[in-house]
Amino acid sequence: MESIFHEKQEGSLCAQHCLNNLLQGEYFSPVELSSIAHQLDEEERMRMAEGGVTSEDYRTFLQQPSGNMDDSGFFSIQK
């Protein structure tokens with residue numbers, strides 16, 4: 001390895017910088033991570049709907065903001 005890639009931390013994009021530093025290159029952008037977070041949100045919505053779209057849990061879930069990202073650039077994956 002000729003050099004070590006290091007992406008300097010900017011804002012709250014910890015996940016992006018962590019992944020790119022681990023993989024040693026510019027593999028993920030905020031836009032790409034946002035797209036992944038939206039896909040996870042949709043998958044979670046579909047799984048929650050399996051319990052019934054009229055259930056209290058499903059209605060509560062729909063009222064909550066994404067648990068996978070927020071507007072500050074924070075990305076998170078639960079479980």
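**View 1. Helix H2 gives the largest pocket the largest share of its lining, 4 residues.** This is a predicted model, in which local features need pLDDT of at least 70, side-chain atom pairs count only at pLDDT 80 or more, and totals for chains, interfaces and linings use all residues. Residues are numbered from 1 along each chain as its sequence is written, and side-chain values use heavy atoms, with hydrogens and water left out. The residues to look for around the pocket are Asp41, Glu42, Glu44, Arg45, Phe61, Leu62, Gln64, Pro65, Ser66 and Gly67. Helix H2 (30-49) and helix H3 (56-63) each contribute at least two of the lining residues. By type, the lining splits into 4 charged, 3 polar and 3 nonpolar residues. The volume of the pocket is about 160 Å³.

How is a pocket found? On a 1 Å grid over the protein atoms alone, a pocket is an open set of points with protein on both sides within 12 Å along at least five of seven lines, and its lining residues have an atom within 4 Å of a point. Grid points are joined across faces, edges and corners, and the volume is the space filled by probe spheres set on the points. Helices are DSSP runs (H or I, at least four residues), numbered from the N terminus. Ala, Val, Leu, Ile, Met, Phe, Trp, Tyr, Cys and Pro count as nonpolar, Asp, Glu, Lys and Arg as charged, and the others, Gly among them, as polar.

**View 2. Phe61 and Leu62 sit in helix H3.** Phe61 is partly exposed, with a relative accessible area of 22%, and Leu62 is partly exposed at 46%. Here buried means under 20% relative accessible area, exposed over 50%, and partly exposed in between (1.4 Å probe, protein chains only). From Phe61 to Asp71, 10 residues apart along the chain, the C-alpha separation is 19 Å. Leu62 and Asn20 are 42 residues apart along the chain, with 32 Å between their C-alpha atoms.

**View 3. Helix H2 has buried residues at Leu33, Ser34, Ala37, Asp41 and Ala49.** Seen down the axis of H2, these buried residues fall within an arc of 155°, so they line one face of the helix. The arc is that of the directions from the helix axis to the C-beta atoms. An α-helix has 3.6 residues a turn, so residues three or four places apart point the same way.

View 4. Which residues of H1 are buried? They are Gln16, His17 and Asn20. These residues cover an arc of only 90° around the axis, which puts them on the same side of H1. On the face turned away from that buried side are the exposed residues Cys18 and Leu22. Most residues other than glycine have a negative phi. Gln24 is partly exposed, at 27% relative accessible area.

**View 5. The structure holds 0 disulfides.** A disulfide is a pair of cysteine sulfur atoms within 2.5 Å. Cys14 is partly exposed at 47% relative accessibility, while Cys18 is exposed at 51%.

Note on methods. 1 Å grid on protein atoms, 1.4 Å probe; cavity = no way out; pocket = protein on both sides within 12 Å on 5 of 7 lines; lining within 4 Å.
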